[in-house]
Amino acid sequence: MSVVLETKGLTKAFGGLVAVDDVSFQLQKGELLALIGPNGAGKSTCFNMLMGQLPPTSGEVFLGGERINGLSPRQIWRRGVGRTFQITATYSSMTVIENVQMALLSHHGDVFKFLPFAHKLYREEAMALLDMVGMAEQADRHCAVLAYGDLKRMELSIALAHDPQLLLMDEPTAGMAPKERVALMELTARIVEDRGVSVLFTEHDMDVVFAHSHRIMVLNRGALIAEGDASEIRNSPLVQEVYLGGGTLFDAEEDAHA
Amino acid sequence: MQRKTFLRAMIASAALAAMPLATWAQDTIKIGEINHYKRLAAFAGPYKQGIELALEETNAAGGVLGKPLEFIFRDDQGEPGEAVKIAEELMTRDGAVMLTGTILSNVGLAISSFAGEKGYVYLASEPLADSLVWGAGNKYTFRLRSSTFMQAAMLAEAAAKTDAKRFATIAPNYAYGKDAVAAFKENLLKLKPDAEFVAEQWPALFKIDAGAEVQALERAKPDAIYNVTFGPDLAKFVRDGTDRGLFEGRDVYGLLSGEPEYLDPLGDEAPEGWTVTGFPWYDLSDGPAGEFVAAYQARYDDYPRLGSIVGYMTVQSIVAALEKAGSTETEAIREAFEGLQVASAMGGIEFRAIDNQSTMGAYVGTTALQDGKGVMINWEYKDGANYLPTDEEVLKLRPAE
Amino acid sequence: MLEVENVNSFYGKAHVLRDLTLSVPHGNVVALLGRNGAGKTTTMKSIMQLVRPASGSILFNGNSIANLPPHKIAKLGVGYVPEERRIFTDLTVSENLLVGKQPPREGAVTWTEAMLFDLFPNLAERRSNRGKALSGGEQQMLTIARTLMGNPSFILLDEPSEGVAPVIVEQMAKVIQQLKSEGLTVLLSEQNLHFAQAVADLAVIIESGAQVYSGTLKELNAQPEIRDAYLAA
Amino acid sequence: MEFFVAQLLTGLANASSLFLVACGLSLIFGVTRIVNFAHGSLYMLGAYIGYTLMQNLPGAVGFWGSILLAGIAVGIIGVLVEVLVLRPVYRAPELFQLVATFGVILVIQDLTLIIWGPEDLLGPRAPGLRGVYRIMGEPIPKYDIVLLVITPFIALALWYLITQTRVGVLVRAATQDREMVGALGVNQAVLFTGVFALGSALAGLGGALQLPKGGADLLMDFHILAPVFVVVVIGGMGSLPGAYLAAVIISVLNVFGVTYLPQSTLVLMFVVMVVVLMIRPYGLFGREEVAGEHGQVGEPELPIKPASNSVRMIVMAGLALLALLPVFGSSFAMVLTTDILIFCLFAASLHFLLGLGGLVSFGHAAYYGGGAYIAALLVTHANSPMEIAFLLAPLGAGLAALAIGWVCLRLTGVYFAMLTLAFAQLLWSLVFQWGSVTGGDDGLVNIWPSDWLNSTTAYFYFALLFSVGGILVLRHVAHSPFGYALRAARDSKRQAESTGINTQKVQLLAFGFAGFMGGLAGTLFVFSKGSVFPNELEIARSFDALIVVFLGGVKTLAGGVAGAAFFKGVEDLLTRFEYWRLVMGLLIIFVVIVAPQGIVGSIRKAAIRLNILKQGGQT
């Protein structure tokens, strides 16, 4: 297995507050890696540094062996990183397929064209992507009227538009019903398998985390405090104390959704 | 306004806009009058009353060329672009034979340029800008009122007679203000080459910061001050200047400051001892001017402002031109205006053939307080003909045709 | 205590609540369950009149509250804890509480700042911090505390566990149990069935804006087919 | 030193009214999110009402009582405005309310004229405060001293109210999330009305307090507007200490400017504003505007589609009819239509920015007037033929837009809007004051087309070709990848940036493109009128375009053009009547209230409701 994403000593300080403290990890090709931790632990800051929204105070990020810190989100995206947002970010004035077409237009370098009709370009490619997430039938609906779960799936298809090698998903199932969460993560897992994409995601729903991640990292007060598979994490007293609690509020059995 | 009338008018004008060239029965001679009736109501109101008074008199006496004279008054909101549109409408749809009006110089210049291009006669009644008949002049544009240059020259003449050496100026920071200062300087230095200009203040028009301006002028310690501010700016300047003692022991020259339009709002705070151009209607009882004042007061139960007499003289000039032309054809009217002699309310004036400027003069006097109101005393009527540049200079100023 | 009958609500052109009927008995915690987009948040907002129902009746303690402005409903003793927290980030914790403050109400606990700081000890240390300096869990606590300052007899709690760490969710469950023991009635919308089971007595399931199940949580647990049918994706 | 102190005191005294008016505006904006353009009108009313009261109430008690009563009276007028005009439109799309406040300006202008007449009124002196105090030997008017002593107390009282009382806490909470405040049991309608009343009363107080230093006239409303906006923006929208500090800075700077740079009087404050916003994008004490945080996003826009064949046929038929105008219409009908067409292009270019880009430019006249001036300058100074001027002027306007956009696009929301306004004002002041080149307010005249075009009919066809052509190009670009990217940047900058779209570049280019089209409209204008004056660059011109775009419907492709045609036509009719502003103002308010989505948007909505139009797409 090859390493897709690697961070070394990633640190971010805001004034005197160290939001992310010396975080180092590796993500293998085809791996689904979960990043969990209490609110304010630094998960979003970490994500923003990986995606280029924030420059790290120190430390490095490597994508496929190349250093990418200091690059803008656009440049990182061009190198094959897709992302989805905790709160969906969609073009609410467009149809579903136009949302995907927009990403394809950018991917093919057509943004600054004035002559063609945009809605005619890359329609088939967009349709194939929507089909993959089961949204083909809704392609021509106005995306503002979609149910939240459908928006999330649409966002996933946008993130896949440039055939990325790495997907960063910030709370991909937030705001979804339990079974929808399972369906979305199953879909994600299938895509990981089919396309060999690697996924790093944050999540609060422990059912989702334990059922779908290959590996789990726990962040607390900016620092990684644990790393391992589901049972290692579940049984770590430290993780229980700072994050999981008594375990009464998620499925206790390991095979709940397996 | 009644709703029905309003609706009917809307429908009517909508229908009109689409109608082919209007072919009204020409039973009156129509003059298109464009002005800023709303934006400058305090000035345009008396002006319009002056026109209406003259019209009534003219038509009572049988009209012009055997037909009644009629003015079509249109408001341009002070927008030059709008004025040009209205000018076209007046000439092509409403059947006006010539155009007149405007107080603001920029609107006057816009109409003038348009009139020159389209070949419409335009009598600029009130705008003061010098360039109207010189730098931007054309053969279709005539001006009645004595321009900035002429009035500034009259004050410069008065200033040259004193011992004052150090002069300070304050003028609104726009074309009129700049012209007025330049003309004063030019004329003063001609008469008194050792005069010095120690401070020039340029408050933004109607946004004067009077306290600061007065402080800045005081700091320059001038012997005399030349003031071009008017309207609310003048009021603030006078008030702050009086409070802070700026005018004590100094000669002050005020362009237009003696016009009732500007002096009256000051009430008992009107400055005393300023040398100004203005309109001392209260002292006018003899001659054509006296007749005008009497007729105006009888007609309106109000006293005339300077605008009133300008409006009155506008009609007088147009009537004279039409009669001389003997026709309402544009070229005939234009030719009639060139060198036209008018026996006006201010006496005989002439529209000079060389630059289309009339020789209308101005009253120059000293301000004083009488019964809690500012008035002009010791005034004198100065004939505009004596304050115009020579023919040679005019030819240099005017674009070749 | 609360009776919602045949309520229809629209969001823009979308028909969200369809003849929705549900009731919340006095002193109970009722869990409002349903998949995402089923209309849970719209139900909460319709009760609060933040979304104006097109038809139907909403009775609170026997009086109609449909068509009252939100502030009058709040004054009747209905507290609303919105889904997205919506604390005033520029105000300090104390000031946030002050916004929620209402005069004492008969038959309800009269909360003071001190009592709330006892209930949420984390907030006490941060009383003069601005809202934006709080962590997600603290913000969630603050929304609840702020609503309690109005001395409500009834609270609408919209998905309090969403996006919050499991430890905090556990704390929240304890708080709700405590509030219930003090006589407060709660309508709780939830996605997290575990959480609902930990705190609620009764459950109402809605689907496409209409009620499809109503009963105790125990009964619901005994009917996995209903759970799977309506809480599945 | 003495002189310095005297100037400082003068500046502080001048800051008084400015601060009162500005903090009223700031309060209102903070809570209601309404950019109240009518605030200057309330200030003017304060002056007029105060004047009338002072005429009737004698003595010092009467004088100060009059000022207080004027404030209260204007506060009550504010309540009327809020309840009758603004309350019905709080739910309308963002910034739509400002159009309603513009209607209020027009109504108040005419009502004031009807009640008080056209004469300027000289403010009465404060009893017992005539004359000066000598401070370090320099004379300072007594009233100035009183003002500069009173103002900090008023500022402190307001500060206490806002920071230390529950009402203040509620106001600040409502600034952030008014719906939530309502849900917590606070009657937000009362809170809004109260804040509006307080803000209005402060404006009225400001108007009455300045009476002894000036008076009341009909131009006061617009004259105070620009400095007040500058103060509020520099201080930070919604911040009281900011408003005070900024009012002092601007006033004191102005006093020193008068002494050391006497010609700078118009430009100075805008330069200060640009500099402050470059360094602190949200003003000295402002906080960042987060889009959508106030629950005011409005309904999402519908997807767009190119016009269907039937619509194209209708448009073609309409154009053919227009092309036949010289056959059946009068010469004036052509002139009027030319005016309307040019204005439509101007509005369409703004609509492109505003509608598709979500970039609210308050200073679009900069490019329209800029284009007109570039053409006129080329003709006047370079003797260039019309054809060359026609080519270069829009390009120049486009370049100017690129430069201005490059600076402004660092900001967002209201601050962006205000910075565009500041640049337009800078350009205006430059043109106004650089008389030797631009002719100042005497403008540039004799800018006529070449002979082959110099007839009403020929120019009509020329304007028809270029304005309709420009509008069609704008529309086509909306459907192109670039237009889509522009909408993408508006809908979700986050998503666009993380899918490789350089939103900054897209928006900048859109700014330049809209500037180019605005410049084209301006160029068409200057050759149709033969002259250009600084008023083509004024705030009022920018607002003209802004208003028709909003009234036409921001969220519809046809909104800009339809609004422009409708209102330019109505204006031509209305200006024939004496109190046309009153009628126009009421018409604007009426449209805002009954058609909150704009004319086109509301017609479309009605059509959808009546099933004439299929839902889900717009053409």
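**View 1. The interface of chain D and chain A buries about 3000 Å².** Buried area is the accessible area (1.4 Å probe) that two parts lose on being put together, summed over both. Carbon and sulfur atoms give 65% of this area. On the chain D side, Pro481(D), Tyr484(D) and Gln495(D) lose the most area to chain A. Together these three make up 21% of what that side buries. The model is predicted: local features need pLDDT of at least 70, side-chain atom pairs count only at pLDDT 80 or more, and totals for chains, interfaces and linings use all residues. Residues are numbered from 1 along each chain as its sequence is written, chains are lettered from A in the order in which they are written, and side-chain values use heavy atoms, with hydrogens and water left out.

**View 2. Residues of chain D meet residues of chain A.** Contact means heavy atoms within 4.5 Å. By this rule, 32 residues of chain D touch 36 residues of chain A.

**View 3. Glu497(D) and Arg74(A) form a salt bridge.** Their side chains come to 2.9 Å, N to O. The rule asks for a side-chain nitrogen of Lys or Arg within 4 Å of a carboxyl oxygen of Asp or Glu. It finds one salt bridge across the interface of chain D and chain A.

View 4. Helices (H or I, at least four residues) and strands (E, at least two) are DSSP runs, numbered from the N terminus. α20(D) gives the most, with eight residues. The side of chain D that touches chain A divides into 15 nonpolar, nine polar and eight charged residues. Ala, Val, Leu, Ile, Met, Phe, Trp, Tyr, Cys and Pro count as nonpolar, Asp, Glu, Lys and Arg as charged, and the others, Gly among them, as polar.

**View 5. Leu356(D) is buried in chain D.** Leu356(D) lies in helix α14 (residues 331-356). Its relative accessible area is 4%. Buried means under 20%, exposed over 50%, partly exposed in between (1.4 Å probe, protein chains only). Leaving aside neighbours within four places in sequence, Leu356(D) is in contact with His351(D), Ala478(D), Leu486(D), Arg487(D), Arg490(D) and Leu557(D). Of the 619 residues of chain D, 66% count as buried.
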